[in-house]
Amino acid sequence: MSSSAIEIGALAPLSRPGWVEAGEHLLAGMELAALEINEAGGIAGRPLRLVVRDTAADPNKAVAAVDELARLGVVALAGEYHSVVARAAAARAHALGLPFLCASAVLDALCEQPTPWVARLAPAQSHGWRIYADFLLGEGHRRIAVAADASVYWAAGTGILREHLAARGGVLIELDARALSPAALCDQLFEQRATAVLMLAGYPEPAVPIVKAVRHDPRLPGMRIGAPAGQPEFAEWMAALGVDGAAIPFLRYLPERLGSSAMRIEAALRERLGVAPSFVAFEGYDTITVLAEAMRSHGARREGIVEAWSQRTFESSRGPLRFSRVPGIDVLQWAWPPVQVVERDPSKPDRFRVLHTGA
């Protein structure tokens, strides 16, 4: 291969207060894809190199990283897990004319204006969270509480749930996860006659204490605890909560059954991570795979990558992928990756049970 490497900027939360485990899974997926691409001859004989930057869940750090990576001459940006951070990176990428393929962030308003420079693999929050609300309604829940933290992301999720439930005879009860102690929050759940409570709150505080309080409150024996944002996907969640962390449904963006190629990727990711890979690792893998395919067909240049996004179908670990314009979303979007509602099996917490599959 030529010694002239093609560089892609890789963004991930790799230090606190970011969710480090999610960042590690995201980066593992991106690194595995880059390794396989290079072993297969690279891009037109040129090796692919990731230039990794830690965003630490900080929008300002993300913007500074995008500026630095643009100066270094990367052809594209990939990754990021936290929605608010990805939004800041997307705005800067748009301003600089730098392609950004967002792996995991779901906030609908990833950009505040239409842009050809940003595309996304993960489903928009409105799509996935409506599927989650339908799952709860299907279980018979009509009075659903949210223990919500203050952030744009949690506020957006609350609004999606409120609107979707109200149109179907459900009621959303909003509780402040920071202002209320876990005991006081349990009092409200009991008094408001909620049958489900969703953790729209940061990890480990305040989500972990709230889950423990709800699990052990004798007044709330049938309370369904949920976490649509996917916190129970990661081993840290179970390490903090033990059996209390199981049977908490969350959204996962994987097909119900992995194909042979995805099973090979899963095995390689497991070896790299030392644990079962999350769906976030697959998102990282697919992000680099898509960028490589775009460069093979349209050249290793920024404009060519953007052209490829709107013109062709890509192969991914989770099936054929094509970007399109979705009403109300200002970035190119895969509409849609597979969506599941799953939970960890209390009798075997390392096993996931699929409870609902989105259309």
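**Helix packing and salt bridges in a predicted model**

Modeller: Helix α1 (residues 20–39) packs against helix α9 (residues 260–273) at an angle of about 120°, and their axes are 10 Å apart. That makes α1 oblique to α9. The model is a predicted one.

Colleague: What is the handedness of the crossing of α1 and α9?

Modeller: The crossing of α1 and α9 is right-handed.

Colleague: Which residues of α1 and α9 meet?

Modeller: From α1 come Glu-24, His-25, Ala-28, Gly-29, Glu-31, Leu-32, Leu-35 and Glu-36; they meet Arg-264, Ile-265, Ala-268, Leu-269, Arg-272 and Leu-273 in α9. Sorted by class, this contact has 7 nonpolar, 2 polar and 5 charged residues.

Colleague: At what angle do the axes of α10 and α11 cross?

Modeller: Roughly 105°, and the axes of α10 and α11 come within 8 Å. An angle from 65 to 115 degrees counts as roughly perpendicular, so α10 is roughly perpendicular to α11. On the α10 side the contact is made by Val-290, Leu-291, Ala-294, Met-295, Ser-297 and His-298, and on the α11 side by Gly-304, Ile-305, Glu-307, Ala-308, Trp-309 and Gln-311. By class, the contact of α10 with α11 has 7 nonpolar, 4 polar and 1 charged residues.

Colleague: Now the charged pairs. How many salt bridges does a search of the whole structure find?

Modeller: The search finds 19 salt bridges. The criterion is a side-chain nitrogen of Lys or Arg within 4 Å of a carboxyl oxygen of Asp or Glu. One of these pairs is Arg-16 with Glu-236, at 3.3 Å from N to O.

Colleague: Where in the chain are Arg-16 and Glu-236?

Modeller: They are in distant parts, 220 residues apart: Arg-16 is in the loop between β1 (6–12) and α1, while Glu-236 is in helix α8 (residues 235–241).

Colleague: How should I read their accessibility: are they buried or exposed?

Modeller: Buried means under 20% relative accessible area, exposed over 50%, and partly exposed in between. Arg-16 is partly exposed because its relative accessible area is 45%. Glu-236, at 21%, is therefore partly exposed.

Colleague: Which residue forms a salt bridge with Arg-312?

Modeller: Glu-293 does, with the closest N and O atoms 3.0 Å apart. The partners are 19 residues apart, Arg-312 in the loop between α11 (302–311) and β11 (313–316), Glu-293 in helix α10 (residues 279–298). Arg-312 has a relative accessible area of 23%, so it is partly exposed. Glu-293 counts as buried because its relative accessibility is 14%.

Colleague: How far apart are the closest N and O atoms of Glu-343 and Arg-353?

Modeller: They are 2.5 Å apart, in a salt bridge. Glu-343 belongs to strand β14 (residues 340–345) and Arg-353 to strand β15 (residues 348–357), 10 residues apart. Glu-343 is buried, with a relative accessible area of 4%, whereas Arg-353 is partly exposed at 32%.

Colleague: Which residues are linked with Glu-343 and Arg-353 in a network of salt bridges?

Modeller: The network also includes Glu-139, Arg-224, Asp-345 and Arg-351.

Key
Residues are numbered from 1 along each chain as its sequence is written. This is a predicted model: local features need pLDDT of at least 70, side-chain atom pairs count only at pLDDT 80 or more; totals for chains, interfaces and linings use all residues. Side-chain values use heavy atoms; hydrogens and water are left out. Axes are lines fitted to C-alpha atoms, for helices over the stretch in contact, and angles run from 0 to 180 degrees between N-to-C directions. Helices (H or I, at least four residues) and strands (E, at least two) are DSSP runs, numbered from the N terminus. Angles under 35 degrees count as roughly parallel, over 145 as roughly antiparallel, 65 to 115 as roughly perpendicular and the rest as oblique. A crossing is left-handed if the near helix is turned anticlockwise from the far one by less than a right angle, and right-handed if clockwise. Contact means heavy atoms within 4.5 Å. Ala, Val, Leu, Ile, Met, Phe, Trp, Tyr, Cys and Pro count as nonpolar, Asp, Glu, Lys and Arg as charged, and the others, Gly among them, as polar. Buried means under 20% relative accessible area, exposed over 50%, partly exposed in between (1.4 Å probe, protein chains only).
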